[in-house]
Each structure stands twice: as C-alpha cells, then as structure tokens.
Amino acid sequence: PACSTASSATAGTTTSAAIDLNGGTLHPGDVIEYVIALSNTGQDPANGVVLTDPIPANTTYLPGSLVVLSGANAGAKSDGSGDDQAEFDIGNNRVVF
C-alpha cells in the first residue's frame, strides 16, 4: 500500500496481510482477504492521510467488500467516490481510503 499525507510532519507505519478465506493453497476462484493496518507513530495528528492499495495482478476486487475495522467511522464502506472515506478506483484498479 502507498500512503501520503498533506503534511510531512507526521510519521507512521503500515503493515498488510493476505488471508485465503477457505484455507489451504490458493486456487483460481478463492476469496482472499487483505488487511492493512496503519498507525500514526508521530507526535502530531495525521491530517489529510490517503492510503491507496493496488489490486494485485491476477486477482479481482470483490464489490462491496471495503471495511474499516477500527478507529473513526469504522464499518462497511461503499465502493463509490465521495460518499464515505473509502472507494474502489476502477480506473486505476485500486482501493483508496
């Protein structure tokens, strides 16, 4: 994932993991859950943070699957732009938070 901020005064860490939801070896058609954790490790608030994560090659985004697990405004998100803090950017084949 890529992360950018409106201010360079903040610092943070990003980790990600991919999980095969049915377990075992990955096969065509399997559903993979990607979890990204982002934390502000700086001394100042992280304002204007944008996280982008490209959909990996040979995989397909599952519509309606965006979720913020914790923090402000946790919960399911739409795929559309401008109605909440997440979207699926179909033109660039990525998710944006």
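Which residues make up the largest nonpolar core of this chain? Keep that question in mind as we look around the structure, which is a predicted model.

Let us start with the overall plan. The chain contains 8 strands and 0 helices, so if you read from the N terminus, the elements simply run β-β-β-β-β-β-β-β. The chain has 97 residues, and 15% of them count as buried. Its accessible surface is about 6,500 Å², and carbon and sulfur atoms hold 54% of that area. Among contacts with a separation of 6 or more, 47% are between residues 24 or more positions apart.

Now back to the opening question. The largest nonpolar core is a set of 6 residues: Ile55, Tyr61, Leu66, Ala86, Phe88 and Val95. In soluble globular proteins, nonpolar side chains tend to be buried together. If you set aside its neighbours within four places in sequence, Ile55 is in contact with Thr60, Tyr61, Phe88, Asn93, Arg94 and Val95. Three of these names, Tyr61, Phe88 and Val95, also belong to the core. The others will come up again below.

A pair of aromatic rings is described by the distance of the centres and the angle of the planes. Searching the whole structure turns up 1 aromatic pair. Its partners are Tyr61 and Phe88, with ring centres 4.3 Å apart and planes at 10 degrees; because planes under 30 degrees apart count as stacked, this pair is stacked. The pair joins distant parts of the chain, since Tyr61 sits in the loop between β4 (50-54) and β5 (67-68) while Phe88 belongs to strand β7 (residues 87-89), 27 residues apart. Are these two residues buried or exposed? Tyr61 has a relative accessible area of 12%, so it is buried, and Phe88, at 16%, is buried too. Both values fall below the cut-off, because buried means under 20%.

The backbone of Asn58 has a phi near 65 degrees, a positive value in a residue that is not glycine.

You will find Asn93 in the loop between β7 and β8 (94-96). With a relative accessible area of 32%, Asn93 is partly exposed.

Next to Asn93 in the numbering comes Arg94, another of the contacts of Ile55. Side chains of opposite charge can pair when their charged atoms come close. How many salt bridges are counted here? The count comes to 1. Arg94 and Asp89 are the partners, and their side chains meet at 2.9 Å, N to O. Arg94 is partly exposed, with 28% relative accessible area, whereas Asp89 is buried, at 15%.

Finally, let us move to the surface. Here Ile19, Leu21, Val31 and Leu62 form a nonpolar patch, with about 350 Å² of accessible area together. Ile19 is part of strand β2 (residues 12-20) and counts as partly exposed, at 37% relative accessibility. Glu33 is in strand β3 (residues 32-40), and its relative accessibility of 36% makes it partly exposed. Glu33 and Leu62 are 29 residues apart in sequence, and their C-alpha atoms are 9.8 Å apart in space.

Notes
Residues numbered from 1 in each chain as written. Predicted model: local features only at pLDDT ≥ 70, side-chain atom pairs only at ≥ 80, totals over all residues. Heavy atoms only, no water. Core = buried A, V, L, I, M, F, W, Y, C linked by side-chain atoms within 4.5 Å. Buried < 20%, exposed > 50% of the residue type's maximum accessible area, 1.4 Å probe, protein only. Contact = heavy atoms within 4.5 Å. Patch = residues over 30% accessible without salt bridge, like charges linked within 9 Å, V, L, I, M, F, W, Y side chains within 5 Å. Areas by Shrake-Rupley, 256 points an atom, 1.4 Å probe, with all protein chains shown as cover. Salt bridge = Lys/Arg side-chain N within 4 Å of Asp/Glu carboxyl O. Helix = DSSP H or I, 4+ residues; strand = E, 2+ residues; numbered from the N terminus. Phe/Tyr/Trp six-rings, centres within 6.5 Å; stacked < 30°, edge-to-face > 60°.
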